[in-house]
Amino acid sequence: MFLKRIVEAKRVEVEALRRQVEANPFPAAKDDLRSLAKAVAAPGLAVIAEVKPASPSKGVIRSKVDPVKTAQGYEAGGAAAISVLTDEPFFRGKKESLAQVRKTVKLPLLRKDFILDPLQVEESCYLGADAILLIAAMLTEQELVALRREARAYGLEVLIEVHGEDELERALAAEPDVLGINNRNLSTFETDLAVTERLRPLVPAGIPVIGESGVASLPDVQRLQAAGVDGVLIGEYLMRQSSPRAGVENLLAEVTV
Ligand SMILES: O=P(O)(O)OC[C@@H](O)[C@@H](O)c1c[nH]c2ccccc12
């Protein structure tokens, strides 16, 4: 199964990182957090625009991606936050992309990767993330709680992503800053916006909620908005637009406040 393969690869990656950090510890942490939760909860629909060069299901989405220019375009177009894929083997992302985007973009930054070890949380802080993704499908409740606690220690917010009722229960136990409902099934790659419609009513009030994945058109955004989400996380659709800025602008022009 795909997620299992990724998790195995990540464990190897983390061990290499551990050796590297033993020799060269991370420098002191930053202290100016920009809140993803606040950006999502603000009035209007929040668009979290993702820098996503490739994916296991679609292959290369856009070649020769300039992450900084892409993120700057998203920001100029009115995105509420930026998500940067940092996984290299499966999504052709780069850790340095996050650090580079951090230097030029003022919006809250989400590190999109497969986080399963506290060391990756520390690394995310050092790379300049404001928030990290935790995927309920690959973590136990204990792991979610432990990674969430680690994030708090580094001043990072957590977005916990769920795809079903049982995962939602685990996610809520870990008190996410933002709850993400992933419309994509990570074993079959199938996307279905009905997942957001089904799970949204089960999330207690007070937690900002976003719908993730599978948004391929303006009507899709409107459908998720009608389901009651505070924001949407969009990757592929925006990466396929010739102008990242116009891509976000056009979506926002169509949504009602
Ligand atoms: O490209 P899309 O269908 O708009 O999806 C964006 C985002 O939701 C997706 O990249 C994603 C959601 N959860 C993830 C976990 C890991 C990697 C990637 C993801």
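This is a predicted model: local features need pLDDT of at least 70, side-chain atom pairs count only at pLDDT 80 or more; totals for chains, interfaces and linings use all residues.
Is R92 exposed, buried or partly exposed? Point 5 gives the answer.

1. The chain holds 11 helices and 10 strands. Its radius of gyration is 17 Å, close to the 18 Å that the globule rule gives for 257 residues, so the chain is as compact as a globular protein of that length. The C-alpha trace spans about 50 × 40 × 35 Å along its principal axes.

2. Of the 257 residues, 46% count as buried. Take the contacts in the chain with a separation of 6 or more: residues 24 or more positions apart account for 67% of them.

3. **Helices α1 and α5.** Two packed helices are described by the angle between their axes and the distance between the axes. Here the pair is α1, residues 2–23, and α5, residues 118–127. Their axes come within 10 Å and cross at roughly 60°. The crossing is left-handed. On the α1 side, V14, L17, R18 and V21 make the contact. On the α5 side, the residues are L119, Q120 and E123. By class, the contact has 4 nonpolar, 1 polar and 2 charged residues.

4. **Helix α3.** Which residues of α3 are buried? In this helix, residues 67–77, they are P67, T70, A71, G73, Y74, E75 and G77. The cover over these buried residues includes two strands, β1 (46–51) and β4 (81–85). It also includes two helices, α4 (95–104) and α11 (244–254). Just after α3 comes G78, with a positive phi of about 105°.

5. **R92, a backbone point to check.** Most residues other than glycine have a negative phi. R92 is not a glycine, yet its phi is positive, at about 55°. The residue is found in the loop between β4 and α4. Both of those elements are among the cover of α3's buried residues. As for the opening question, R92 is partly exposed, because 18 other C-beta atoms lie within 10 Å. Burial would need 20 or more.

6. **E175, another positive phi.** E175 is not a glycine either, and its phi is positive, at about 50°. Where is E175 found? It is in the loop between α7 (165–173) and β8 (178–182). E175 counts as partly exposed, because it has 14 C-beta neighbours inside 10 Å.

7. **I135, a buried strand residue.** I135 belongs to strand β6, residues 131–135. Why is I135 counted as buried? Because 25 other C-beta atoms lie within 10 Å of its own, and 20 or more is the cut-off. Leave aside its neighbours within four places in sequence, and I135 is in contact with F114 and E161. N250 is another matter. I135 and N250 are 115 residues apart in sequence, and their C-alpha atoms are 30 Å apart in space.

8. **The ligand shell.** How many residues surround the ligand? There are 15, and the closest are E212, S213, I234, G235 and E236. Strand β10 (231–234) supplies at least two residues of the shell, and helix α10 (236–239) likewise supplies at least two. By class, the shell has 5 nonpolar, 4 polar and 6 charged residues.

Key: Residues are numbered from 1 along each chain as its sequence is written. Axes are lines fitted to C-alpha atoms, for helices over the stretch in contact, and angles run from 0 to 180 degrees between N-to-C directions. Helices (H or I, at least four residues) and strands (E, at least two) are DSSP runs, numbered from the N terminus. A crossing is left-handed if the near helix is turned anticlockwise from the far one by less than a right angle, and right-handed if clockwise. Two residues are in contact if their C-beta atoms, placed from the backbone, lie within 7 Å. Ala, Val, Leu, Ile, Met, Phe, Trp, Tyr, Cys and Pro count as nonpolar, Asp, Glu, Lys and Arg as charged, and the others, Gly among them, as polar. The radius of gyration is taken over C-alpha atoms; the globule rule is 2.2 Å times the number of residues to the power 0.38. A residue is buried if 20 or more other C-beta atoms lie within 10 Å of its own, exposed if 12 or fewer, and partly exposed in between; C-beta atoms are placed from the backbone. A residue is near a molecule or strand if its C-beta atom, placed from the backbone, lies within 6 Å of it.
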